[in-house]
Structure formats: C-alpha cells, structure tokens
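Dear colleague,

Please find below the structure that I am handing over to you. My notes on what was found in it follow directly after.

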Amino acid sequence: MTTVGIIAEYNPLHNGHVHHFTEARRLSGADRSIVVMSGPFTQRGEPAAVSKQARTEMALHMGADVVIELPVAYAVQPAEWFAFGAVALLEATGVVDSLCFGSEAGTLSALQPMAEFLADESSALQGEIRRRMALGASFPAAYCAAAASAWEASLPEAERRPGAAGLLRQPNNSLGLHYLIALRRLGSKIRPLTAPRTGAGFHDPLQSGSPIASATAIRRLLSEGGSPAAYMPEYSMSVLEREHAAGRGPLNLESFRIPLRHLLATRTAAELHGLQDMNEGLENRLLRVLPALPHFTVSGLLEALKSKRYTHTRLQRLLIHALLNHSKQEMAPAVLAQGPGYIRVLGFRESGRQLLKQMKHSAAWPVLTSPAQFSHPMLERDLQAAAAYAGAFRNPSRSDLYRDYLEPPVRI
C-alpha cells in the first residue's frame, strides 16, 4: 500500500480542494492519504475561518485518512519555512511515498530544475536578495526576482528562456518550488507530483455558474453575510453552518481587535522589537501609527502600516506573532531547521487506523493523539494558539479554550 501526502489549510474546504484531493489520489495511485494542515492561524497571517477540529472534520469527510497539524511556528511563516515544516512532517511519518501539490504550471518540468539549483542557496543569491530589499522591495518580491535571475544566469545561453520571474510570482508555483526545495534539503525520497490548479485564481472574484472559487473569495463572501454553498461540498457547508450557529466562526482578523489593541498599546519599542518579524525599525513605525488612528481597527492599522516594503501578508503575520507573543529567538532559522519534533494527530478515519499503527513504528518523531503525551516548546505554542483562537468565539467556554486537552482526535 502506498500513501500520498497533501499540505493544506482548508480555510474552508471547497470544491477546488476536492478536485486537488481527487487528482492527488489519481496521480499518485496511492491507497491512503495524509494531510498536513495548518491549525488556528494560517500562512497569510489570518485566523482560520473555523477551528482546526472543524476543518479536520471536513477533510475526513472528503476522504483523507489521517490529518496532522502543522505547528503554528511553521504555519504563520513565509513560504520557505511553511513548506519546510510541512514536508519535514511528511518525511518524519516514515509512511509517505509521494507529495502532490497544486500549481499554476501544472508540471514539474520548470520547477524541479529550479528547485535543485536554489536548494543550495549561495551567498551571491543571498546578497542579491538583500540588495533588492535595500532598494525597497519586499522579501517575496526580492526573492522572486533574485532567484529567477540567478537561475536564468546559471543556464547555458542557448537554453535560457525568460519568464522564470513570472512563474514564481504565481502563488502556488512559488509554494510548490519551496516544497521541492525542502524535499531536496531533507534528502527525502518522497516523490513530488503536481496537479494543475483549476478554476479561480487566488485573487479572482466569485464567478457565477462556476462551482470553483478561491478560499479568499469564499471568506470574503462569508464576511459579507453571503452563503458559499455553491462552491463547497455539502459536508463542508454543513460543518461551517454548525460552527456559525454555535458562535465559533467564521473568524477574521477583526475578531482579535480588542486583544491586539491591548497587546500593542502596552508594549515598549524594545518589547515589540523582540517579536518575530519585527525588523528594520518597524516597531517605531507601529508606535507612531497607533495614536494617529481615529478608531482602532485591524484593517485600519494594516492600511496605515502598509508600504512597498511591508506587504499586507507580512504585516498580518506580524500581528499574529504579536498576539501569540512569538519571539525572534524561538522562531530563529536554526530552531526551525530542526523540524517540529513531533507529529500531532488532529483526526483520522477508520481507514486511517492501520496507517497510524504503522506510523507508531516508522515515525522519526513521537506520534501524539494527546498533548499530555509529550512536552515540546512548539507544542506549547500550538496549545496557546488554540486557546487564543477560541477566545474570539461569541461565548467561549472552558471546553472551547482547552479543547486540545479535553477532546481526542476527530474521528468519523
């Protein structure tokens, strides 16, 4: 039996995700699947629309055999570390044969050679990234341009084809490239596969008559009080409606307006400087902007802070790090490069039970079904993140705040 790995956020799980899951099973020929999924907070620095347990339930109904959690230390990070943490988890299970990700390219022919070249990041490339950032580019833009330029320059002149930068500017291509780089850096034997992204793009608006919309468009529709039923499988919509009726979502950054206002207003510049992603004097800019806001909203703060250098995504991640008190020391590259160190099981189907038994023997790290089984700094941050997330529910109970301790993994 073979197992395909999938890395996802399912925020929320929609028809496009179902298509990718079906393609992953088809392309890999796998009998089983493991999904690595972000917990309460996501890669773009936003709270998930509904809890990790609710999204795990969606994934299991779709057909995933096992769902494991990507620790928040990796989940709220740029593509490089998000990808590394997720791939390291799949590698550590000892049972995953292939990894399938979606991409705009729809083929590995362009991404794989580039990943092999970029995996050994040269000092020249690092210097070029720093140079472009010094000129005002954001890190993603600087990395994209510098990596594309270095890759094209490495090729014989007859083989050079312009367009690498455009390839990397597409979000799924960029993330896929980092999955491939992570596989190489880990020396993994997991076979990469990619399925062409279909339907709506990341920023595309909803299109009437199409059953596929981006998760971003669906979350926007939810924030406006609309129903995304046309773009989601029935089981996913049912879970979403249940969570909404119970006051457990959908959440967004404004749901954390009050705690964020308190935390930012009660920290000194030195304290803010110690937070992850708080670089280049951004703490001073933040302290200047806060008193100037006529009314504190997260969107207003982001708009006041945004510049060519500081993208919305980076600033959103910064706010999540502030909310969860993530320090630079605990998120340092040397720490993240060690990998999560544990495999936290969020849920499984009956068909995944045998897979978990196999993982108990094959996994490089402890396989956890309860946080009481293991002690680790990243796991403590996961538990704190879950409690902070539940604090934004309409009327959070003890069982909401400490659900990680009180409930076993989701099973269907």
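In strand β2, valine 35 is the bridge partner of isoleucine 6. The model is a predicted one, in which local features need pLDDT of at least 70 and side-chain atom pairs count only at pLDDT 80 or more, while totals for chains, interfaces and linings use all residues. Residues are numbered from 1 along each chain as its sequence is written, and side-chain values use heavy atoms, with hydrogens and water left out. Helices (H or I, at least four residues) and strands (E, at least two) are DSSP runs, numbered from the N terminus.

Strand β1 covers residues 3–8 and is mostly covered, six of its six residues being buried. Buried means under 20% relative accessible area, exposed means over 50%, and partly exposed lies in between (1.4 Å probe, protein chains only). Thr3, Gly5 and Ile7 point to one side of β1, whereas Val4, Ile6 and Ala8 point the other way. In a regular strand, side chains alternate between the two faces of the sheet.

Strands count as paired if DSSP finds at least two bridges between them. β1 runs parallel to β2 (residues 32–38), to which six bridges join it. With strand β4 (residues 98–103), β1 also pairs in the parallel sense, over two bridges; there, valine 4 stands opposite serine 98.

β1, helix α1 (residues 15–28) and β2 together make a right-handed β-α-β unit. Right-handed here means that, with the strands pointing away from the viewer, the path from the first strand over the helix to the second runs clockwise.

Asparagine 15 has its place in helix α1 and is buried, at a relative accessible area of 19%. Neighbours within four places in sequence aside, asparagine 15 is in contact (heavy atoms within 4.5 Å) with Pro211, Ile212, Ala230, Tyr231, Met232 and Pro233.

**Aromatic pairs**

The structure holds seven aromatic pairs. Rings of Phe, Tyr and Trp (its six-membered ring) pair if their centres lie within 6.5 Å; planes under 30 degrees apart count as stacked, over 60 as edge-to-face and the rest as tilted.

One of the pairs is edge-to-face: phenylalanine 41 and tyrosine 389, at 6.0 Å centre to centre and 85 degrees between the planes. Phenylalanine 41 lies in the loop between β2 and α2 (52–62) and tyrosine 389 in helix α19 (residues 377–390), so this pair ties together parts that are 348 residues apart in sequence. Phenylalanine 41 is buried at 1% relative accessibility, and tyrosine 389 is buried with a relative accessible area of 3%.

Another pair, tyrosine 342 and phenylalanine 374, is tilted, because the ring centres are 6.2 Å apart and the planes stand at 50 degrees. Tyrosine 342 is buried at 1% relative accessibility, whereas phenylalanine 374 is partly exposed at 26% relative accessible area.

Phe41, Phe256, Tyr389 and Phe393 form one aromatic cluster.

**Helix packing**

Helix α12 (residues 257–265) packs against helix α16 (residues 312–324) at an angle of about 80 degrees, with the axes 9 Å apart. Axes are lines fitted to C-alpha atoms, for helices over the stretch in contact, and angles run from 0 to 180 degrees between N-to-C directions. The two helices, α12 and α16, are therefore roughly perpendicular to each other (65 to 115 degrees). Pro259, Leu260, Leu263 and Leu264 of α12 make the contact with Leu319, Ala322 and Leu323 of α16.

With kind regards

Conventions:
Angles under 35 degrees count as roughly parallel, over 145 as roughly antiparallel, 65 to 115 as roughly perpendicular and the rest as oblique.
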